[in-house]
Amino acid sequence: MDFNNLKFFRKKNGYTQEQVAEKIGVSRQAVAKWENGETLPDIDNIIALADFYEVTVDSLVRNVAAYSGAGTPKQHMFGLVRVNDKGQITLTKKCREVFGIEPQDTLLMLGDEDKGIALVKISEP
């Protein structure tokens, strides 16, 4: 488990350890021990933390974000999306917020058969 992620998401959202503890129903000391790597949260608390921070469980327990020197994530995991019967996907709200995607924006779709699909927002004049 990546303990830095617990602290990162708490600070990114502007919460104190006390606020997190109160929200998920544990002591502040428990939150501090999780962040310091002294103990591990159980699965129910991991799910509660992921729900509270509006992130995936994966992003709490794995080091999925590449951080710049300032501690800002450069890569994100926004969760799963499904392709509907027309081949359309819906981007998550968080994804649209992070990349400033608005209705009617143009996105370029790129594909690599080994690495997957990428969308790039195109700025139009």
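Guide: Start with axes. An axis is a line fitted to C-alpha atoms, and for helices it covers the stretch in contact. Keep in mind that this model is predicted.

Visitor: At roughly what angle do the axes of helix 2 and helix 3 cross?

Guide: Helix 2 spans residues 17-24 and helix 3 spans residues 28-36. Their axes cross at roughly 110° and come within 8 Å. Angles of 65 to 115 degrees count as roughly perpendicular, so helix 2 is roughly perpendicular to helix 3.

Visitor: Is the crossing of helix 2 and helix 3 left-handed or right-handed?

Guide: Right-handed.

Visitor: Which residues in helix 2 and helix 3 meet?

Guide: Helix 2 brings Gln 17, Glu 18, Val 20, Ala 21 and Ile 24. Helix 3 answers with Arg 28, Val 31, Ala 32, Trp 34 and Glu 35. By class, the residues of this contact are six nonpolar, one polar and three charged.

Visitor: Now the empty space. How is that found?

Guide: Rolling a probe the size of a water molecule over the atoms shows where empty space is left. In this structure, a search of the whole model finds one cavity of 30 Å³ or more. The largest cavity has a volume of about 40 Å³.

Visitor: Which residues line the largest cavity?

Guide: Leu 6, Arg 10, Val 20, Val 31, Trp 34, Glu 35, Leu 49 and Tyr 53. Six of these lining residues are nonpolar and two are charged, with no polar ones.

Visitor: Which helix gives the largest share of that lining?

Guide: Helix 3, with three residues. Helix 1 (3-12), helix 3 and helix 4 (43-53) each supply at least two.

Terms used. Residues are numbered from 1 along each chain as its sequence is written. This is a predicted model: local features need pLDDT of at least 70, side-chain atom pairs count only at pLDDT 80 or more; totals for chains, interfaces and linings use all residues. Side-chain values use heavy atoms; hydrogens and water are left out. Axes are lines fitted to C-alpha atoms, for helices over the stretch in contact, and angles run from 0 to 180 degrees between N-to-C directions. Helices (H or I, at least four residues) and strands (E, at least two) are DSSP runs, numbered from the N terminus. Angles under 35 degrees count as roughly parallel, over 145 as roughly antiparallel, 65 to 115 as roughly perpendicular and the rest as oblique. A crossing is left-handed if the near helix is turned anticlockwise from the far one by less than a right angle, and right-handed if clockwise. Contact means heavy atoms within 4.5 Å. Ala, Val, Leu, Ile, Met, Phe, Trp, Tyr, Cys and Pro count as nonpolar, Asp, Glu, Lys and Arg as charged, and the others, Gly among them, as polar. On a 1 Å grid over the protein atoms alone, a cavity is a set of points where a 1.4 Å probe fits but cannot get out, and a pocket is an open set with protein on both sides within 12 Å along at least five of seven lines; lining residues have an atom within 4 Å of a point. Grid points are joined across faces, edges and corners, and a volume is the space filled by probe spheres set on the points.
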